Amino acid sequence: MSPSPVFQLEQVSCRFGTVTALTDCSLSILPGERVALIGPSGAGKSTLLSLLNGSQVPTLGRVVIMGQDVSRLNVRKRRRIQQLVGTVYQQHHLVGNLAVIHNVNAGQLGRWPLPKALWSLVWPQNVDAAAHALAQVGIADKLYARTDRLSGGQQQRVALARVLLQDPAAILADEPISSVDPERSRALMDLLRQLSETTGKTLVISLHEVEFAVKYCDRIIGLRQGQILFDAPAQAITKAMMTSLYQL
Ligand SMILES: Nc1ncnc2c1ncn2[C@@H]1O[C@H](COP(=O)(O)OP(=O)(O)OP(=O)(O)O)[C@@H](O)[C@H]1O
Ligand SMILES: [Mg+2]
């Protein structure tokens, strides 16, 4: 018996007012898959990711996350599902003037009772787990550093450590390497791949860098003008497919 999908989209359309961001998209992503979303600017990659983490609901069709139809969930259940899907955003969403440990612990705040969450700002809780997550991303020594004194690449690692502490079943990353140099891009993609290999976490990553998508992911979904133009194994991607994806 094949495993149940982590994500399932059935004929999904997503509109924002008069703008149609996605039209009639269907896909299914299995546990442990590494999927890249590629396509021109405005194709709908970020919108698709926001459907996969439940922060957006479809205008038409069904989005099923780990067996649950997101449109039918109450707020509490939707939050629980959202805990199982960690998202790393390009803008990190870190609080610069706090120590790294507070930003890493933010991955836990939703699960902690309020007094513990508040107390953690005065006296960091959960130090061992936060230190372990930082060690996994290679910056164990930065636990008490002020976040805005770190380099862009290190801040990205803090954002990833925060998601790891949340211990989600799936990690979504929206253009994680678009603002870092090639060396750091490779290091970050190596890290994501290694994490998915060692923990079996599902990865869905939107990328502008096609060569990274092909190198690091097993499956590539090409989006163009809100539609899935192709959904294929990385090794089956051809130049002709790229040309039709990016043609003006
Ligand atoms: N919250 C929103 N309100 C209105 N329109 C939106 C919203 N989010 C996305 N859109 C529109 O939906 C379309 C798809 O946008 P989306 O951000 O998903 O594209 P993208 O593929 O991530 O692009 P990029 O590569 O530039 O990040 C665009 O036309 C965009 O303007
Ligand atoms: Mg985007």
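Trainee: How many of α1's residues are buried?
Mentor: Six of its eight, which leaves α1 mostly covered. "Buried" is a neighbour count: 20 or more other C-beta atoms within 10 Å of the residue's own, with 12 or fewer called exposed, anything in between partly exposed, and C-beta atoms placed from the backbone. Helices are DSSP runs of H or I with at least four residues, strands are E runs with at least two, and both are numbered from the N terminus.

Trainee: Before I go on, what kind of model is this?
Mentor: It's a predicted model, where local features need pLDDT of at least 70 and side-chain atom pairs count only at pLDDT 80 or more, while totals for chains, interfaces and linings use all residues. Residues are numbered from 1 along each chain as its sequence is written, and chains are lettered from A and ligands numbered from 1 in the order in which they are written.

Trainee: OK, which residues of α1 are the buried ones?
Mentor: Lys-45, Thr-47, Leu-48, Leu-49, Leu-51 and Leu-52. Just after α1 comes Gly-54, with a positive phi of about 75°.

Trainee: Switching to the ligand. What surrounds ligand 1?
Mentor: Phe-16, Val-19, Ala-21, Gly-39, Ser-41, Gly-42, Ala-43, Gly-44, Lys-45, Ser-46 and Thr-47. To be near the ligand, a residue needs its C-beta atom, placed from the backbone, within 6 Å of it. β2 (19-29) and α1 (45-52) are the elements giving two or more residues to that shell.

Trainee: And which element gives the largest share of the shell?
Mentor: That's α1, with three residues.

Trainee: How does the shell divide by residue class?
Mentor: Four nonpolar, six polar and one charged. Here Ala, Val, Leu, Ile, Met, Phe, Trp, Tyr, Cys and Pro are nonpolar, Asp, Glu, Lys and Arg are charged, and the others, Gly among them, are polar.

Trainee: What about the largest nonpolar core, how many residues has it?
Mentor: It has 60 residues, and those with the most contacts inside it are Ala-36, Leu-52, Val-104, Ala-161 and Val-204. Helix α6 (residues 152-166) gives the most to it, seven residues. The core lies between domain 1 (1-84 + 171-248) and domain 2 (97-167), because both give residues to it. A nonpolar core here is a set of buried Ala, Val, Leu, Ile, Met, Phe, Trp, Tyr and Cys residues joined through C-beta atoms within 7 Å.

Trainee: Where does Ala-161 lie?
Mentor: In helix α6. Ala-161 counts as buried because it has 29 C-beta neighbours inside 10 Å. Leaving aside neighbours within four places in sequence, its contacts are Val-104, Ala-133, Leu-134, Gln-136 and Val-137. A contact means two C-beta atoms, placed from the backbone, within 7 Å.

Trainee: How far apart are Ala-161 and Val-104 in sequence and in space?
Mentor: 57 residues in sequence, and 6.1 Å in space, C-alpha to C-alpha.

Trainee: And what is Ala-36 in contact with?
Mentor: Ile-205, Leu-207, Ala-213, Cys-217 and Ile-220, again leaving aside neighbours within four places in sequence.

Trainee: Back to the domains. How far apart are the C-alpha centres of domain 1 and domain 2?
Mentor: 26 Å. The contact takes nine residues from domain 1 and eight residues from domain 2. On the domain 1 side, α2 (75-83) and α7 (182-199) each supply at least two residues, and α7 has the largest share, three. By class, that side has five nonpolar, two polar and two charged residues. The domain bounds come from an automatic or database assignment.

Trainee: Now strands. In what order do the four strands of the open sheet come?
Mentor: β2-β1-β4-β5, with antiparallel pairing. β2 and β5 (68-69) are the edge strands, each pairing on one side only. Strands pair if DSSP finds at least two bridges between them. Strand β4 (residues 60-65) is joined to β5 by two bridges, and Ile-65 stands opposite Gln-68 in β5.

Trainee: How many bridges join β9 to β10?
Mentor: Six, between antiparallel strands β9 (residues 219-224) and β10 (residues 227-233). The two form a hairpin with two residues between them, and Gln-225 in the turn has a positive phi of about 45°. Arg-224 stands opposite Gln-227 in β10.
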